[in-house]
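Subject: Structure for you to look at

Hello,

Here is the structure you were going to look at.

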Amino acid sequence: MKKDLILGIAHTGHFTAQMDKMLEFYCDKLGFKHAFSIKDEDGNNWIEYIKLADNSFIELFYSSPEKVAGPDVKYHHICIRVRDIHEVAEHLNANGVPIIWGGPSMGKDKNWQCWCEDPDGNKIEFMYISPESPQAKA
């Protein structure tokens, strides 16, 4: 992949069945800022974003103990911030890397994204941060 195409890691995503404790830990104990929340289609709490630095976040997904596969399974994905999502998709296709879940597509946060998996099945999200997104405004 071209060196200037990658801009950095945008966020890491984690499931949690104890959101209050997670927010307290990251915001109150570590001193990071709660940046914004995203609700699902039904208006329920879905994701909380913690701002680490400009364009760098921890993404916490609401979960329940039943949905978390085990006590050590909290990781969801890594997100890599990119300059051009369509060029990334072309690169993935050209190199035989399947794009999962369709894409590129616009997420609820108004950012463009596409996804793939590494050989172990770990999810990798590539994201173009739109100027209209809450991440860009945070």
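This is a predicted model: local features need pLDDT of at least 70, side-chain atom pairs count only at pLDDT 80 or more; totals for chains, interfaces and linings use all residues.

Residues are numbered from 1 along each chain as its sequence is written, and side-chain values use heavy atoms, with hydrogens and water left out.

The sheet

Eight strands make an open sheet with mixed pairing, in the order S2-S3-S4-S1-S5-S8-S7-S6. Strand S2 (33-39) and S6 are the edge strands, each pairing on one side only. From one strand to the next the twist averages 25°. Helices (H or I, at least four residues) and strands (E, at least two) are DSSP runs, numbered from the N terminus. Two strands pair if DSSP finds at least two bridges between them. In general, strands of a sheet pair through backbone hydrogen bonds, either parallel or antiparallel.

S2 and S3 run antiparallel and are joined by six bridges; Lys33 has Lys51 in S3 as its bridge partner. These two strands form a hairpin with five residues between them, and Gly43 in the turn has a positive phi of about 85°.

Strand S3 (residues 45-53) and strand S4 (residues 56-62) are also antiparallel, with six bridges joining them. Ile47 is partnered by Phe61 in S4, and Ala53 stands opposite Ser56. Here the hairpin has two residues between its strands, and Asn55 in the turn has a positive phi of about 60°.

Helix H1 (residues 19-29) packs on the sheet and touches strand S1 (6-16), S2, S3 and S4; its direction makes about 165° with that of S4. Helix H2 (residues 85-94) packs on the sheet as well, touching strand S5 (75-82), S6, S7 and strand S8 (123-128), and its direction makes about 20° with that of S7. Axes are lines fitted to C-alpha atoms, for helices over the stretch in contact, and angles run from 0 to 180 degrees between N-to-C directions.

Salt bridges

How many salt bridges does the structure hold? There are five, a salt bridge being a side-chain nitrogen of Lys or Arg within 4 Å of a carboxyl oxygen of Asp or Glu.

One of them joins Glu41 to Lys108, with the closest N and O atoms 2.3 Å apart. This pair links distant parts of the chain, 67 residues apart: Glu41 is in the loop between S2 and S3, and Lys108 in the loop between S6 and S7. Glu41 is exposed at 63% relative accessible area, while Lys108 is partly exposed at 49%. Buried means under 20%, exposed over 50% and partly exposed in between (1.4 Å probe, protein chains only).

Asp4, Arg83 and Glu87 are linked in a network of salt bridges. Between Arg83 and Glu87 the closest N and O atoms are 3.8 Å apart.

A loop residue

Asn111 lies in the loop between strand S6 (100-106) and strand S7 (112-117). Is Asn111 buried or exposed? Asn111 counts as buried because its relative accessibility is 0%. Beyond its neighbours within four places in sequence, its contacts (heavy atoms within 4.5 Å) include Met106, Tyr128 and Gln135.

Regards
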